[in-house]
Amino acid sequence: MSLHLFDTGTRSKRVFVPLRPGVVTIYVCGATVQGKPHIGHLRSGVNFDVLRRWLAHNGADVLLVRNVTDIDDKILAKAAKAGRPWWEWAATHERAFRAAYDALGCLPPSVEPRATGHIPQMIELIERLIERGHAYAAGGDVYFAVRTFDEYGWLSRQNVDEVVPGEDDTRFKRDHLDFTLWKAAKPGEPSWPTPWGRGRPGWHLECSAMATTYLGSEFDIHGGGIDLVFPHHENERAQSRGAGDPFARYWLHNAWVTVKQLKMSKSAGNTADMDQLLGQYRGVELRYFLVGPHYRAPVEYSKSAMQEAVAGYRRIESFVHRVRERVGSPERAGSVPTEFAAAMDDDLNTSAALAVVHNAVREGNVALDSGDRTAATAAAESVRAMTHVLGIDPMDEHWLAAERTDDAAARALAALVSDLLAQRQEARARRDFAAADDIRARLAAAGVSVEDSPEGSTWSLKDA
């Protein structure tokens, strides 16, 4: 395997050598299911799905764990504000995230563990840390003693004396740098019994316990968004290695989706929710948008950027379907061009890989227009192989099924709107303008814009 990956820990591209030949183990930090997903949440899932597909293309058996954090301060606060049980709030948004991953063509993870399902493993990890002198109980909480771990700060490149702690509450801590492994129970909050009293887990503890439960004490790749390097991944590494586990051998981090160069986030109020985006764009087009830039480069979201992504994907799609219509359905080639493989092996350079795809599309269109059916078919087969790796193969059954669903929905919408417009026209003819205005208002509330002209009324979806 000639794959090179940029390791956050060493700040360099390293030759990727799996712990076990032919098997690759990956842990990706998944969603904290506090609310509906926006496109920024989904970038990590898509980027690591591409890595998984490339490894599988090269013959590896990939075990990918993507967790769900279903207990968290924000989950509890938002559920309480909405007057709903915390577990129901978490489950509702877990389903929303799973649907969003599926809409973007992400393969299901090998396992998707929930934090609340692994309390015994977390307790065992805490016991090991206390035995080794890296943790202590105080005030019903349990803390990791940062200064007992000499490697603290290695991942985030920080001097321990200059670290700004990720937690504000220091009531029971021996040192302000220490972080919480276990939180003492509070009235009205969920809790579990432990040797130190009832309580619930800290965020960092969850991932260490789940990663090692499914992948072992040492595994190949730990991934997530760049915002997780500190404190989350730094603390994960500290507590895991402090307990005696070698833990992750490579650390990979994807950059943010940004809006006007600011991270997309609910707190900044600049999010693009997936349910809204999927009403405007196809899932494969959204995936193309996320796959296009290198995973370590920011993705700047805007309407013009999305339009460019849509146009880019449709050039690929149009070519493959032209070949299918004129020559016959192209199979997917078993190998990819050398240039594509080189780009992917160079730290998953999807931007350069897509350039190879579009070059093949251009050459294939020329061949098709000149009547060279053999060359056109070969180009389409190659394009299908490359786009399969990227998860955007236009002839993949996942996208074809989505197209069939979208077409059916579009037909149903058109029938309903046409019927309402006919009712509106009848109301106008009998000069019942109040009824006509009411129908127009109802359509507008549903996102349908109506334009009147001497030739009649036409409609379109707002912002489509």
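Author: In this predicted model, four strands form an open sheet in the order β4-β3-β9-β10, with parallel pairing.

Reader: What makes β4 and β10 the edges of the sheet?

Author: Count partners: β4 (61-66) and β10 (247-254) each have a single partner strand, so one side of each has no neighbour in the sheet. From one strand to the next, the twist averages 25 degrees.

Reader: How do you know that β3 and β4 pair?

Author: The cut-off is at least two bridges between the strands. Strand β3 (residues 23-28) and β4 have six bridges, in the parallel sense, so they count as a pair.

Reader: Moving on to helix pairs, why are α11 and α12 called roughly antiparallel?

Author: The label needs an angle over 145 degrees. The axes of α11 (residues 350-369) and α12 (residues 373-390) cross at roughly 160 degrees and come within 8 Å, so the pair is roughly antiparallel. The crossing is left-handed, too.

Reader: Which residues make that contact?

Author: From α11, they include Leu-354, Val-357, Val-361 and Leu-368; from α12, Ala-379, Val-383, Met-386 and Leu-390 are among them. By class, the contact of α11 with α12 has 13 nonpolar, three polar and no charged residues.

Reader: And why are α8 and α9 called roughly perpendicular?

Author: Helix α8 (residues 283-291) packs against α9 at about 110 degrees, with the axes 9 Å apart, so they come out roughly perpendicular to each other. On the α8 side, Leu-286, Tyr-288 and Phe-289 are among the residues in the contact, and on the α9 side Met-306, Val-310 and Arg-314 are among them. The contact of α8 with α9 divides into ten nonpolar, one polar and two charged residues.

Reader: How do you know that the span of α9 is close to the expected one?

Author: Set the two values side by side: α9 (residues 303-326) has 24 residues and reaches 34 Å from its first C-alpha to its last, while 34 Å is expected at 1.5 Å a residue. Just after α9, Gly-328 takes a positive phi of about 130 degrees.

Notes. Residues are numbered from 1 along each chain as its sequence is written. This is a predicted model: local features need pLDDT of at least 70, side-chain atom pairs count only at pLDDT 80 or more; totals for chains, interfaces and linings use all residues. Side-chain values use heavy atoms; hydrogens and water are left out. Helices (H or I, at least four residues) and strands (E, at least two) are DSSP runs, numbered from the N terminus. The expected span of a helix is 1.5 Å times one less than its number of residues. Axes are lines fitted to C-alpha atoms, for helices over the stretch in contact, and angles run from 0 to 180 degrees between N-to-C directions. Angles under 35 degrees count as roughly parallel, over 145 as roughly antiparallel, 65 to 115 as roughly perpendicular and the rest as oblique. A crossing is left-handed if the near helix is turned anticlockwise from the far one by less than a right angle, and right-handed if clockwise. Contact means heavy atoms within 4.5 Å. Ala, Val, Leu, Ile, Met, Phe, Trp, Tyr, Cys and Pro count as nonpolar, Asp, Glu, Lys and Arg as charged, and the others, Gly among them, as polar.
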